[in-house]
Each structure stands twice: as C-alpha cells, then as structure tokens.
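Reader: I have a structure to work through. Where should we start?

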Amino acid sequence: MKNKILRSVLMVLIWTFGSATILLAQGAYSNFNDLTDRLNQLNSNYGDLTSLQSLAKTADGRDIWVLTIGSGDTENHPAIAVIGGAKASHIFGSELAITFAEKLLSNSSSEEISELLETTTFYILPRINPDATEQYFADLKFERDVNTISTNDDRDDAFDEDPFEDLNGDNLITMMRVADETGKWMVMSEYSRLMKEADISKGEKGNYHLFTEGIDNDSDGLFNEDGEGGVNINKNFTYDYPYFEPGAGENMASQIETRAVLDFLYEGAPNVFAVVSFGPANNLSSPVSFNRGAVSQRVITGWYEEDVAMNKLVSEAYNEITDLGDAPAVSGQQGDLFQWAYFHYGRYSFSTPGWAVPEVTDEEGNTQKFESDEAKFLAWADHNDINAFVDWEEVDHPNFPNKKVEVGGIKPYVSYNPPYNEVDSAAENHTDFLIKLAGMKPNVKLVNFETEEAGRNLTRISVDVHNSGIFPTASRLGERTDWVKEVVVKLDLSDDLEIVSGDVQDIIEAIEGDGTVKKTWLVRGSGSFTITAGAPNTGISTIEQRIR
C-alpha cells in the first residue's frame with residue numbers, strides 16, 4: 001500500500017513540472033508496443049482462457065488486436081465487446097479496456113469469475129486506431145484523431161500541405177490568439193487565461209481571432225486545415241455517415257481499421273449481445289431518451305422504448321458502481337462507433353468516457369459553478385497543482401506582421417486523459433460494472449420438460465424455453481435486422497420416431513428478460529430425441545431423452 005501511495009504521489013508531481021515533462025507522468029499509458037506486450041503477456045499467462053488475434057494491419061503496420069476471454073465453447077456464449085480507442089486521443093479509454101482484461105484474468109481462479117467465464121465471452125479491442133494514438137507518444141504533441149492516410153481535407157488537390165507548427169518551441173500544439181477588433185473572441189472574465197466567443201446579445205464584443213497554433217502555409221486564410229493524414233475512425237462507421245466532412249474519409253467504412261472492426265463483429269462475433277465502448281459519447285451516466293417520432297420513420301433515428309428502458313436499468317447499475325452519475329450526457333456523433341453498434345449492428349450499445357472532471361468546491365465545501373467546461377477543468381487542475389496550461393506567450397507570426405499574436409492554452413490530451421494514477425481505481429470500478437453487466441446477459445434454458453402418453457403409441461413432449469437473463473434475447477431494434485440471431489428451437493428424432501404435430505424447427509424472434517415460450521410436440525413410436533434451443537448470443541440449451 002505504501003508503494004502504491006508513493007507511486008501515485010510521484011505521478012502527480014511529475015505531471016506538474018511543465019510542458020517538457022507533462023506526458024512523462026502519463027508515460028505509464030501504453031504506446032502500441034507496450035500495449036502489444038501486455039496483450040501477449042495475458043495470452044501467455046492465461047492461454048486456457050484467452051486467444052489473441054490480429055484483425056488487420058494499419059497503414060503503418062500496427063495490428064488491430066482482439067483478445068478473446070472465456071472458457072469452453074466461447075463462440076456460443078453470450079458476449080460483450082469492450083472497445084477502446086475509437087477516438088484516438090482518448091487514450092484513457094484504451095487503458096480502461098486493457099486494464100479490465102488484466103483485472104478480470106487476474107481473478108479468473110475465483111469462483112465468481114471462473115463461473116462467469118464458463119458462460120460468458122469477452123472480446124477486448126483495446127485500440128482500434130493505433131496509428132493516430134501514437135501521436136501522444138511523439139516528440140510533438142497534438143490531439144490527433146485521424147490515421148496516417150494522406151487526405152485532401154480542404155479539397156484543393158494538394159495533400160497534407162497545411163500542418164501544425166510549434167511556434168513557441170514547447171513541443172505542444174495549443175491555440176493562437178490574434179488581437180484584432182474585428183475578432184469574435186474575448187478573454188473570459190471568470191478565467192482570464194481562457195477565451196470565449198463573444199455574445200452580442202449580452203453586450204459582449206470580441207477583440208481576438210482564435211486559431212490552432214500554426215501558419216497558413218497554403219495562403220487560403222485557414223490554419224492547419226489540411227495537416228498530416230488522415231481519417232478519423234470514429235467518423236467512418238456506416239450509421240449517419242457525415243459525407244464530405246473533414247476527417248470522415250471519402251466513403252463510409254473506407255479505412256482498414258473500420259473494416260477490421262466491422263468484419264469481426266458482423267462475421268466473427270454473432271454472440272455479442274452488448275457493445276461497451278470507452279469514448280466521448282456517454283449514455284451510461286445518463287440514459288438516452290425515448291423519441292416516438294424518431295422510431296416512427298422508415299429510417300430509425302432513435303432508440304426504441306423497450307431498449308431505452310434497458311439503457312435506464314444499466315445506467316442505474318453503472319452509477320451505483322462508478323459514482324459517475326454527474327458526468328455530462330454526451331450524444332453520439334455522425335459516423336461513430338457508439339451509434340453504429342445500436343442502429344446497424346443491432347446490439348445494446350453503451351458508451352462512457354470513463355472519467356469526468358470532478359466537482360470543485362470552495363473553502364466552505366460548496367460546489368462551484370463555472371462558465372464553461374474548460375473553466376471547470378482548469379479550476380480542478382489548479383486545485384490539484386496540475387500544470388495543464390501553457391501561459392500565453394507573444395510570438396512573431398509571418399501571417400500577421402503588424403498584429404499581436406500569442407500562443408497558449410490548455411495542453412493537449414489533458415482534458416479527458418487524467419493523470420495515470422487515476423487509472424487503477426477507474427478500471428476497478430468499470431471491471432465491477434462489466435461483471436455486473438455480464439450477469440444480466442440473456443440466457444436461454446430448457447425447463448419444465450415433460451413427456452406423457454397421449455394415446456396408442458403416441459407421446460406428447462412439452463418444454464418451456466425460458467430466458468433467465470435480465471436482457472431480452474435481442475434488442476427491439478435487433479429484431480429488425482438479420483445481424484442479430486433469433487432463438488432457434490429444434491427437435492431431432494431418431495429413425496424410430498415420427499412427428500405427428502409441432503414444428504421440428506421453430507424460430508423465436510425474441511424472448512423478453514425472464515420470459516418464457518412454451519413448446520409442445522406429438523410424436524409416434526419409441527426411440528431417442530434431442531431438443532436444442534438458443535442462439536450464439538443467448539447460449540444454447542440441450543435436452544436428450546428416450547421414449548420406451
């Protein structure tokens with residue numbers, strides 16, 4: 001315990017030393033090689049419970065890893081896909097995913113986890129945009145969410161011609177403000193280090209232009225609009241794809257990374273009943289709302305009422321475990337993983353950033369209110385002696401020879417990637433939540449089995465197909481798509497038996513949580529028979545009997 005406390009204090013101290021070392025503290029976050037080593041170590045130590053697969057290699061040759069965790073027939077056990085790194089700059093999400101795998105497996109010998117893994121599969125995809133994430137570990141730090149494929153984002157037939165420039169030489173790309181009475185930005189009164197857009201309705205007038213740090217290399221009046229790379233994987237999924245938006249790619253699912261995830265989940269993981277993604281969207285602290293108009297259209301744009309009810313139930317469990325109920329609700333964005341998982345993949349989709357800026361209190365213990373999220377973050381950082389801000393520094397700028405130009409602002413990555421010493425407790429809470437979620441899985445069982453004589457050489461067979469889980473066997477939206485498997489009930493008879501009434505195979509679209517469908521058959525003769533019921537995403541139950 002003493003070593004753990006000392007390590008946490010050291011991490012915070014290093015984090016505060018300034019721009020040259022700010023990311024050294026978070027150096028405990030794993031770059032691609034470290035992440036790969038951790039995955040290989042898990043697969044080596046727990047080979048009877050894991051398999052490690054590369055789904056594809058990126059343009060820079062990095063693997064899109066998936067670690068499968070479970071025992072027995074993992075392909076026919078209900079599964080949760082745990083995905084990090086869709087938003088590449090949200091490294092905390094990648095860390096939660098891999099640390100969840102480590103914590104789960106380290107407890108795999110306990111009775112609770114051993115029994116869980118006998119009936120549940122976990123697919124861990126810790127980092128699905130690894131080329132972009134590596135920018136965090138580069139000498140020049142800027143929040144990169146796009147991969148390294150060259151693109152023409154400003155559609156001027158030139159590629160990557162207007163990148164960031166480090167004008168103050170601190171190896172961090174922040175913001176640049178230019179004093180000008182025609183500008184629309186002003187200094188925030190509450191926090192003089194921060195900028196805000198002036199609101200004329202409040203009598204405010206701007207006196208600055210605000211840009212990202214750099215130079216207008218192609219003289220088009222824009223700054224850094226066509227930098228190195230690339231495509232943002234979290235804009236490249238197929239639902240509500242944002243055509244022609246910078247970073248979205250020329251077409252939906254155009255990237256190796258996107259297709260690797262889609263191919264695996266569609267074709268290799270039909271047993272998934274829920275997707276949990278660590279990213280900017282948040283429907284766990286606050287569930288989505290039901291919008292009747294959105295589900296009444298030909299193209300569904302909202303969650304069905306039954307699925308909203310499940311989201312609410314899961315959200316309640318999440319907030320009890322993680323204490324993140326006050327974290328802001330954040331809707332999905334166009335083309336993102338979170339929305340695709342529900343609207344196109346048909347699964348329950350849950351997303352969380354996994355961490356939120358804690359409340360800041362005054363000396364009397366009262367919660368303070370702030371003008372903006374940036375102001376709240378900066379107050380929290382100041383309160384914890386975290387140096388998260390580059391002070392404004394005047395620089396000479398070739399595009400503004402007669403203007404006062406200053407560079408500064410909140411440092412890249414720090415707003416949603418906390419100091420590394422926050423990881424362990426957050427991962428512990430999210431491990432508990434994912435175990436709780438797995439315990440709610442759909443689980444089809446054959447119960448109340450009976451046979452009775454029904455006349456000369458006739459036997460009536462009856463059984464209840466029962467879903468003992470909290471989750472339905474398919475989401476309401478999943479019932480509309482072929483990608484979610486229905487429950488299949490089959491009666492296989494030996495040659496000595498003949499079916500008189502009832503279907504030898506029946507398909508049940510969905511069974512609600514704690515719901516039951518009764519099945520009966522009438523057969524003639526003596527012999528053996530087998531009843532099976534279920535689907536990969538519900539588990540499969542079997543009864544074998546003989547009629548004499």
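**A loop residue, then outward**

Author: Start with one residue in this predicted model. Ile300 sits in the loop between β9 (272–278) and α8.

Reader: Is Ile300 buried or exposed?

Author: Relative accessibility decides, and buried means under 20%. Ile300 counts as buried because its relative accessibility is 7%.

Reader: What does Ile300 touch, leaving out residues up to four places away in sequence?

Author: Its contacts are Tyr239, Ala294, Val295, Phe343, Leu477 and Arg480. Take Phe343. Ile300 and Phe343 are 43 residues apart in sequence. Their C-alpha atoms are 7.6 Å apart in space.

Reader: Now the whole protein. How many helices and strands does the protein have?

Author: There are 11 helices and 20 strands. Of the 548 residues, 53% count as buried. The C-alpha atoms fill a box of roughly 105 × 55 × 50 Å along the principal axes.

Reader: What share of the contacts with a separation of 6 or more comes from residues 24 or more positions apart?

Author: Such pairs account for 72% of those contacts.

Reader: How should I read a helix length?

Author: Compare the expected span with the distance between the end C-alpha atoms. The expected span is 1.5 Å times one less than the number of residues. Helix α4 (residues 91–106) has 16 residues, so the span should be 22 Å. The end C-alpha atoms of α4 are 23 Å apart, which agrees.

Reader: What about the span of α11?

Author: Its 17 residues should span 24 Å, and the end C-alpha atoms are 24 Å apart, which agrees.

Reader: How many residues of α4 are buried?

Author: In α4, 14 of the 16 residues are buried, so α4 is largely enclosed by the rest of the structure. In α11, the buried residues include Val423, Ala426, His430, Phe433 and Leu437.

Reader: How do I describe two packed helices?

Author: Two packed helices are described by the angle between their axes and the distance between the axes. The axes of helix α3 (residues 32–45) and α4 come within 11 Å and cross at roughly 20 degrees. That makes α3 roughly parallel to α4, because angles under 35 degrees count as roughly parallel. The crossing of α3 and α4 is left-handed.

Reader: Which residues meet between α3 and α4?

Author: From α3 come Leu35, Arg38, Leu39 and Leu42. They meet Glu95, Ile98, Thr99, Ala101, Glu102 and Leu105 of α4.

Reader: At what angle do α8 and α11 pack?

Author: Helix α8 (residues 305–322) and α11 pack at about 150 degrees, with their axes 9 Å apart. The cut-off here is over 145, so α8 and α11 are roughly antiparallel. Val314, Ala317, Tyr318, Ile321 and Thr322 of α8 make the contact with α11. On the α11 side are Asn429, His430, Asp432, Phe433, Lys436 and Leu437. The crossing of α8 past α11 is right-handed.

Reader: Now the backbone. Which phi does Tyr413 have?

Author: A positive one, about 80 degrees, although Tyr413 is not a glycine. Tyr413 lies in the loop between β12 (405–410) and α11 (423–439). Tyr413 counts as buried, at 1% relative accessibility.

Reader: And Asn448: buried or exposed?

Author: Exposed, with a relative accessible area of 52%. Asn448 also has a positive phi, about 55 degrees, and is not a glycine. Asn448 lies in strand β13 (residues 444–453).

Reader: What is the average pLDDT of the protein?

Author: The average is 91, and 91% of the residues score at least 70. Residues 1–27 stay under 50. The model has 42 contacts for residues 1–27 beyond four places in sequence. Where pLDDT is low, the predicted coordinates should not be read in detail.

Methods: Residues are numbered from 1 along each chain as its sequence is written. This is a predicted model: local features need pLDDT of at least 70, side-chain atom pairs count only at pLDDT 80 or more; totals for chains, interfaces and linings use all residues. Side-chain values use heavy atoms; hydrogens and water are left out. Helices (H or I, at least four residues) and strands (E, at least two) are DSSP runs, numbered from the N terminus. Buried means under 20% relative accessible area, exposed over 50%, partly exposed in between (1.4 Å probe, protein chains only). pLDDT is the predictor's confidence in each residue, from 0 to 100. Contact means heavy atoms within 4.5 Å. Axes are lines fitted to C-alpha atoms, for helices over the stretch in contact, and angles run from 0 to 180 degrees between N-to-C directions. Angles under 35 degrees count as roughly parallel, over 145 as roughly antiparallel, 65 to 115 as roughly perpendicular and the rest as oblique. A crossing is left-handed if the near helix is turned anticlockwise from the far one by less than a right angle, and right-handed if clockwise.
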